[in-house]
Amino acid sequence: MPAATRTWAESNPAAAARRVALHDGTVAEAEAELECALDDVDRYIVAFSGGKDSIALVIRLLELGVPRERIELWHHLVDGKGARFFDWPSTLAYCQAFADAFDLPLYCSWRIGGFLREMLRSDTPTAPVKFETPTGPDMVVGGVGPGGTRLRFPQVTSDLTVRWCSSYLKIDVAARVFTNDARFEAGRFVLLTGERAEESAARARYSRTKPHGASTRSRIVTQWRAVHGWTEAQVWAAMQRWRVNPHPAYRLGFGRLSCMTCIFGNDDQWATVKQLSPDILYLIASYEESFNATIDRKHEGVLVRANRGTSMIPPGLDELAKASQEETFNEPILVDDWSLPAGAFKHTGGPT
Ligand code: SF4
């Protein structure tokens, strides 16, 4: 067969066999994923929340042999550098500490004003997106669309057209970076995202690879759900293999990192939020009152739910609980005495 018509796997049988062996699914699935592991990919971009699945993506790339020089982490700031509202205050510092420990660049991007500004939009356009670049200064794009009004929480559904937090604060923000940062004008890029089939029926139906909407003739972007077939046990095993200290949220009993006050929160999560940050809980309750709608329309308001639930924070973790509410992370990322956190294998609410 002429070299030009060979696939990467045919030209690199040993490496392909190794990569297939690393995969948990069928050979056909593995070959589809190999399309994302071609050596001509310019950048592997990991959508990095600091959660266990995004860390598993990094580990998967490194274990596949992708050079660190071709990997970068993108972190979307849900509160958009505005008033604190949904994010864990310590998450950004945790992500930076992880990036430093793994010697990978971390670039932040956000919709200015974040969740709160978008939620309180009243006959105004959606705010611009701002993002960091390797050489600075930060770039600002958009914000000149038609006026519109929200004055409501995102809906608790897998439908991203009405669950606007995921689409406006994360998915669209990433697309704006691709389409506006000159680094991505031309070339082949892979965006890794951490949805796993095990998380929900909706996520089980997601394809593992798909062309990203930011692609053009010269900019080829593929989205790769590189741990889609992994179980939660595999994710924690990867964290243990690499001795990664999980984000404080997991040690405080949360099964998922996501936003501290995620709209999918259950009663116990709201009770935990009440213990961690009562001011934020009361702020959310005040918006439920002014919108005349609870954050989860199928349930009572967050105050009722917090009072009905039980805090998930294990005894003796008062210091960690306090530290999780600071904008710092003062622990090592790589630890020798690794142990499963309290939130492992616990079902808590998060995006589906
Ligand atoms: S974690 Fe929850 S609240 Fe935050 S963006 Fe995702 S779905 Fe929305």
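Q: How many nonpolar, polar and charged residues are in the shell around the ligand?

A: Start by sorting residues into classes: Ala, Val, Leu, Ile, Met, Phe, Trp, Tyr, Cys and Pro count as nonpolar, Asp, Glu, Lys and Arg as charged, and the others, Gly among them, as polar. Here the shell around the ligand holds 10 nonpolar and 3 polar residues, with no charged ones. Do keep in mind that this is a predicted model, in which local features need pLDDT of at least 70 and side-chain atom pairs count only at pLDDT 80 or more, while totals for chains, interfaces and linings use all residues. Residue numbers start from 1 along each chain as its sequence is written.

Q: Which residues are the closest to the ligand?

A: A residue is near a molecule if its C-beta atom, placed from the backbone, lies within 6 Å of it. The ligand is surrounded by 13 residues, and the closest are Cys165, Ser258, Cys259, Cys262 and Pro351.

Q: Where is the kink in helix H7 centred?

A: Helices (H or I, at least four residues) and strands (E, at least two) are DSSP runs, numbered from the N terminus. A bend at a residue is the angle between axes fitted to the seven residues ending there and the seven starting there. In H7, residues 164–180, the kink is about 35 degrees and centres on Asp172.

Q: Which residues of H7 are buried?

A: Count the other C-beta atoms, placed from the backbone, within 10 Å of a residue's own: 20 or more is buried, 12 or fewer is exposed, and in between is partly exposed. Cys165, Tyr168, Leu169, Lys170, Val173, Ala174, Arg176, Val177 and Phe178 are the buried residues of H7.

Q: Why does Ile59 count as partly exposed?

A: Ile59 is partly exposed because 19 other C-beta atoms lie within 10 Å. Ile59 sits in helix H4, residues 52–64. Contacts are read from C-beta atoms, placed from the backbone, within 7 Å of each other. Leaving aside residues up to four places away in sequence, Ile59 touches Ala238 and Trp242.

Q: How many bridges join strands E2 and E3?

A: Two strands pair if DSSP finds at least two bridges between them. E2 (residues 71–76) and E3 (residues 106–111) run parallel and are joined by 4 bridges. To get from E2 to E3 the chain passes through helix H5 (residues 91–101), in a right-handed β-α-β crossover; with the strands pointing away from the viewer, right-handed describes a path from the first strand over the helix to the second that runs clockwise. Across this pair, Trp74 stands opposite Tyr107 in E3. With strand E4 (residues 129–131), E3 pairs in the antiparallel sense over 3 bridges, and Ser109 faces Phe131 of E4 as its opposite residue.

Q: Which residues does the cis peptide bond join?

A: Look at omega for this one: the cis bond between Gly136 and Pro137 has an omega of about -5 degrees. Pro137 belongs to the loop between E4 and strand E5 (139–141).

Q: Is Leu151, which has a positive phi, buried or exposed?

A: Leu151 is exposed because 12 other C-beta atoms lie within 10 Å. Its phi is about 50 degrees although Leu151 is not a glycine, and Leu151 lies in the loop between E5 and H7. Asn292, also not a glycine, has a positive phi of about 55 degrees. Asn292 is found in the loop between helix H12 (278–291) and helix H13 (302–308), and is exposed, with 7 other C-beta atoms within 10 Å.

Conventions. Two residues are in contact if their C-beta atoms, placed from the backbone, lie within 7 Å.
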